[in-house]
Amino acid sequence: MSKKEYHHEESCCCGHEHHHDHEHHHEESCCCDHEHHLHEDIPFDPELEITDDGSEKIVFVLEGLDCVNCAAKIEAKIRQLPEVKSVSLTFATRQLRLSSEHPDQLQVKIQEIADSVEDGIKVLEKKQKRKQVQVEETVPVWKQPLFSIGTGLLLFIAGEFIINLMGISEQDFRMLPLFLIAYLILGGEVLLDAGKNIMKGQIFDENFLMCLATIGAFIIRMFPEAVGVMLFYRIGEYFEHRATEQSRSQIMEAVDLRPEVVNHVVGEEIRVIDAEDARVGDILLVRPGDRIPLDSVIVEGESRIDTSPVTGEPVPVMVKPGDAVISGCVNTSGQLKIRVEKALEESMVTKILDSVENAAASKPEIDKFITKFARVYTPFVVFFALAIAIILPIIFPGWHFWILDGDVSHSSLYTALTFLVISCPCALVLSVPLAFFAGIGAGSKKGILFKGGIVIEALKNVKAVVLDKTGTVTKGDFVVQEVYSVSDTISADEILALSASCELSSTHPIGNSIVEAARRKNLEIERPASVEEIVGHGICAQLEQGTVFCGNRKLMERYHIDLSRYHKDKFGTEVLVAFNGQWIGYIMIADTIKEDAKQSVEAVKKLGIMTVMLTGDAKENAEQVASETGIDEVHAKLLPEDKLSRLQDVRRQYGPVMFVGDGINDAPVLAGADIGAAMGSGADAAIEAADVVFMYSEMKAIPEALRIAKMTRNISWQNVVFALVVKVIVMILGLFGFANMWLAVFADTGVSVFCLINSIRILRQ
């Protein structure tokens, strides 16, 4: 039961007697003795923090990291350092997270490891990166990739033109100088990188394998093909790099809504300052079309706020002075002046970004498997290529190791060279992490924060969604639904006015709802001369007109009020009202069901997932809510420990379960679920407690999260299967002489580009 559930008639799960005069605040910490199945507490300030074992965590950014396979090698080498407790390098964000007793002293060692694997990487602390001024270096035209690709392409075309014009063979030595020059222009940098990596002990490197394959083509006098393969490789590498950067930037733009500067109002003057220099209490100016830079309160102006960048909700919200606004939302109409409530590092935009980056560092099992598989795959294919070159001529007499005249494509050496090109693992290693990162980014756009790829992976297997009632299915705010009079002389409005006078000094949510309803009708409310609150019963108040009793049946029975005509036939909580010893009527109060509840439940059920509701509320109330929303199964009047045991029953019956609650009061159930999801406007306590956080209390986030998880998992497997199938097909075709090295290059770089484009579909849909 959530802290907002109150009952005049029923007892609550806290074990108290029936009550009316006090609120429940069940905010105790998690009392279970077991760990969360998938829960990884991810703080919002990960720059430097203390872990449970006393070590510290720190985040580095590896600027210039462009090779996904190199990222895996760097992570593996850092993991071997004795002082490192844990490490995770995320290629999509270029962020390295590690824990150690003195992590700030490891920067030099990490830089050395990065240099030993890939040139051009600069290791920075995340906070250094944020403050780093971005200065674009002017690269000479002749050093730009398109220049070398274009020049090499022109020379390649010229060589093919000469061959066709003069009618000479492609293997004629007279063509060697032209094609050699074209090759060096295209592959000079690749040759240098391969040589450097060999000196560092990196033998099975993509550059080395490509050089070995193309030099082998020169040796067997396949001059045009050697140049063409290097040309195709450079073009594919260029597009792969562009696609990777575009994919990374699209995802980061979707989640990084932090402002660079803000308009600081000082008297009549407006100064543009860095966002990180704004302090709590500063007044900022937000013009139409600008984002709300920091979590603030409006002090001047009215406007409509587009919350879709943070919540995914397309309908703008009207705001006025006194309203709180969160960073990342867009001011669509009027000019606003806002007072900063939270600095940049504590504002919602930073929380979302940090949560996404932390989530990306939590790698799913499929990602770990593919990374391990790639380490075995490349050496295997290389040695298989060597075996083909030597053994194939022995098994098949029609094949020869070296053919100077005739069909070179049927030489075992050519087939082996084709296999070397296919052995590059980048497409495989890249196929999974970007898909999961795109899924995490897609969720954040809709106000759904996943605590890592492992959570998305587990959501795919959910068979039942278990819902708390108050605050999840219902809004958690009590509203007067109807006032019923059983008296011939006192009207419903008069009953409401008498009850509001009686409840005027009450702090109970039900009493507040009665007072609020009377004020909305502009009824006259009298302050009572005396008030007696009776625990678990209700209130007795003395007014000028007489004595008023508001409460439950126990209160009426205590004062011997005749209830022979009373019978409960309505949904909700009833407040019985008596005046001067006579029962005059009752007020029906109910927690309102969320507008999107029914539609969201239907969407979950369409995914083939059961819906179950657990609540401490009365059975008839719970069944009414379930009936209106379409929830399959209801369990009511449950204590917190009952909820946990009932959740385990649901798991045994249906399979893995996802529990959705408020993330504070339902901690034992959140802990016991396979996936715990917290409803609530991004409260820190909720974020710490759950695997998934719905930043805004809308039920539509539940099916959205399930759909994103399903799509992410499907696309990641599509990428893996496509990469493997293409490589295997090209290997088989090459083995039988039907595939050349051009096709092998497509099986490497072309597949990588496909996987990148396929992954971005998650973000766009």
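Let's start with a salt bridge: Asp674 pairs with Arg651, with the closest N and O atoms 3.0 Å apart. Salt bridge here means a side-chain nitrogen of Lys or Arg within 4 Å of a carboxyl oxygen of Asp or Glu. Asp674 sits in the loop between helix H21 (667-672) and strand E26 (675-679), and Arg651 in helix H20 (residues 640-654), so the pair ties together parts 23 residues apart in sequence. Asp674 is buried, at 19% relative accessibility. Arg651 is partly exposed, at 22%. The cut-offs: buried is under 20% relative accessible area, exposed is over 50%, partly exposed is in between, with a 1.4 Å probe and protein chains only.

A word on the model. It is predicted, with local features needing pLDDT of at least 70 and side-chain atom pairs counting only at pLDDT 80 or more, while totals for chains, interfaces and linings use all residues. Residues are numbered from 1 along each chain as its sequence is written, and side-chain values use heavy atoms, leaving out hydrogens and water.

How many salt bridges does a search of the whole structure find? The search finds 15. One of them joins Lys109 to Glu83, with the closest N and O atoms 2.5 Å apart. Lys109 is in helix H2 (residues 107-117), and Glu83 is in the loop between helix H1 (68-79) and strand E3 (84-90), so this pair links parts 26 residues apart in sequence. Lys109 is partly exposed at 36%. Glu83 is partly exposed too, at 24%.

Another pair is Arg271 and Glu269, at 3.6 Å, N to O. Arg271 is partly exposed, at 42%. Glu269 is also partly exposed, at 43%.

Technical notes
Helices (H or I, at least four residues) and strands (E, at least two) are DSSP runs, numbered from the N terminus.
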